[in-house]
Amino acid sequence: MNDQAIFQRLLALVEQYHARRKDGKFLEYLEPQALARELQLEQEAPGDWQQLFHWIEKYLQHSVKTGHPGFLNRMWSGANLPSIMGEIITAVTNTSACTYEAAPVSTLMEHYMLEQMLKLVGFEDGEGQMTTGSSSGNMIAMLAARNQAVDGIKEQGLSGMPPLVAFVSADAHYSLDKAANILGLGTDNLVKVPVDEHGRLRPDALTRLLAEQKAMGRQPFFVCATLGTTVRGAYDPLPPLLELRGEYGFWLHGDGAWGGAALLDEELRQRYLRGVEQLDSFTWDFHKMPGSNLMCNLLLFNHHKGTLRCACSAGEHSYLFREEHEDAELDTGTASLQCGRRVDSLKWFLDWKYFGRQGLGQRIRHYLSLAEYAEDRIVQHPDLEMTVPRESFNVCFRYLPPAGMDANDFNLKLRHCLFEEGVSLVGVAYIGDRLTLRLLITHPDFTTADVDHFLQSVVDMGKRLANG
Ligand SMILES: Cc1ncc(COP(=O)(O)O)c(C=O)c1O
């Protein structure tokens, strides 16, 4: 096959997959062994385009259709078409976004987009970068805070330094624990602050813990406010945390991986993110609610120009970055933890230009109104209950099994049966010791009819299981 024939066949498959992404089941499920037999991974294929196309067809056939309305498991559904266009071009041009000379267009797009986001959040004299996801964003923010807290810590390491301690809510994302591990703080030095009945960090508890840790000779250097928790969708209250920062001088970071999307609408910003412009840093994933392809993350620093570069750079790298270049200032790689950097800016730029803040803001409001609707339906249904009241975009609920049956086991089984039958894939988590189904609506075409259909499928499956 020549290149032209290959591209034609490939693009036809892509187009066909995209057109049918909402049809039928969301997955043709096979047990791992059966799938392995189907895929014939051991098969050799030197020079064999037909075999490569065979694998591509199998890949498409057995992949989870994340653009299907039954895919409710994660914080995204499918991807925006402008973003998909960007990804195709990114693959075909295949460069590394670390220097202007190797990636001139993507460099300018990344800088442009970060400037837009700094303005949107309200950070003055700030800087930013795209990272590999909010897990990295959280870690880099903690790294910068650590380096700023103690002189010489970047060069000399932690030994012999004052013991550092960081704080997050008990419902914060596990990436903060990972960051504490990777950065050498130790996970025990990430203090988990109790949450209130809404799942928000309790400022009174933080006040007490800060004083306790200080009295023990430790240095509180970093507090992370979760702005949209992973399970409950709770927003930690920023004004009291900002006040505590004034007293203790820690770095205040906002993890808006999920809930940062509220910035796209002024009313939602006022409702959920009051004070965000005063944070020291903020991270947010455009690959979640806004719908850009994975990964599309931004990390922003406020009033700290040069800190990002200082935190992330180390070692001799003149083979790559040379200051005598006129455009050296633009080299995004010098402020990154990576050497090679994937181009993530093109898809982001195209999405932003096509939908704009207004279009994306409307989308986020739509998701919120569907979450409100879902909660309403659940509260009214005799076989369903909200596990906890809704805070924002997350709907935590479960099926009420007949008396005598364990609700946790029952709901876990129910969820698995929905998955195996290709009906839906919905999230699951524990809140305390209660297992909850976590409905997240992130599909732009989702309607109230889809919500009804999904809840009915849960009820139908629940009844089937209850009747053995
Ligand atoms: C609150 C929160 N923070 C951080 C993350 C990690 O984001 P990423 O998957 O982009 O690393 C998540 C992911 O679900 C999250 O919900």
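**The open sheet**

Reply: Strand 10 (residues 394-399) and strand 12 (residues 434-440) are antiparallel partners, joined over four bridges. Strands here are DSSP runs of E with at least two residues, helices are runs of H or I with at least four residues, and both are numbered from the N terminus. Two strands pair if DSSP finds at least two bridges between them. This is a predicted model, in which local features need pLDDT of at least 70, side-chain atom pairs count only at pLDDT 80 or more, and totals for chains, interfaces and linings use all residues. Residue numbers start from 1 along each chain as its sequence is written.

Start with one pair of residues. F397 stands opposite L437 in strand 12. L437 is also the bridge partner of V428.

Strand 1 and strand 11 pair in the parallel sense, over two bridges. There, F71 stands opposite L425 of strand 11.

Put together, the open sheet has five strands in the order 1-11-12-10-9, with mixed pairing. Its edges are strand 1 (71-72) and strand 9 (384-386), each of which pairs on one side only. Helix 14 (residues 407-420) packs on the sheet. This helix touches strand 10, strand 11 (425-431) and strand 12. Contact requires C-beta atoms, placed from the backbone, within 7 Å. The direction of helix 14 makes about 35 degrees with that of strand 12. Axes are lines fitted to C-alpha atoms, for helices over the stretch in contact, and angles run from 0 to 180 degrees between N-to-C directions.

**Loop residues**

P389 lies in the loop between strand 9 and strand 10. P389 counts as exposed because 12 other C-beta atoms lie within 10 Å. The cut-offs are 20 or more for buried, 12 or fewer for exposed, and partly exposed in between, with C-beta atoms placed from the backbone and counted within 10 Å. From P389 to R464 is 75 residues in sequence and 27 Å in space, C-alpha to C-alpha.

E197 is in the loop between strand 4 (190-193) and helix 9 (203-215). It is exposed, with 8 other C-beta atoms within 10 Å. E197 and V388 are 191 residues apart along the chain, yet their C-alpha atoms are separated by 8.9 Å.

L337 is in the loop between helix 12 (307-312) and helix 13 (345-380). L337 counts as partly exposed because it has 17 C-beta neighbours inside 10 Å. Leaving out residues up to four places away in sequence, L337 touches I140 and C312.

**Ligand shell and domains**

The ligand is surrounded by 14 residues, and the closest are G133, S134, S135, H173 and A257. A residue is near a molecule if its C-beta atom, placed from the backbone, lies within 6 Å of it. By class, the shell has three nonpolar, nine polar and two charged residues. Ala, Val, Leu, Ile, Met, Phe, Trp, Tyr, Cys and Pro count as nonpolar, Asp, Glu, Lys and Arg as charged, and the others, Gly among them, as polar.

The protein is divided into domain 1 (3-66) and domain 2 (88-352). These bounds come from an automatic or database domain assignment. The two domain centres, taken over C-alpha atoms, are 37 Å apart.

Methods:
Two residues are in contact if their C-beta atoms, placed from the backbone, lie within 7 Å.
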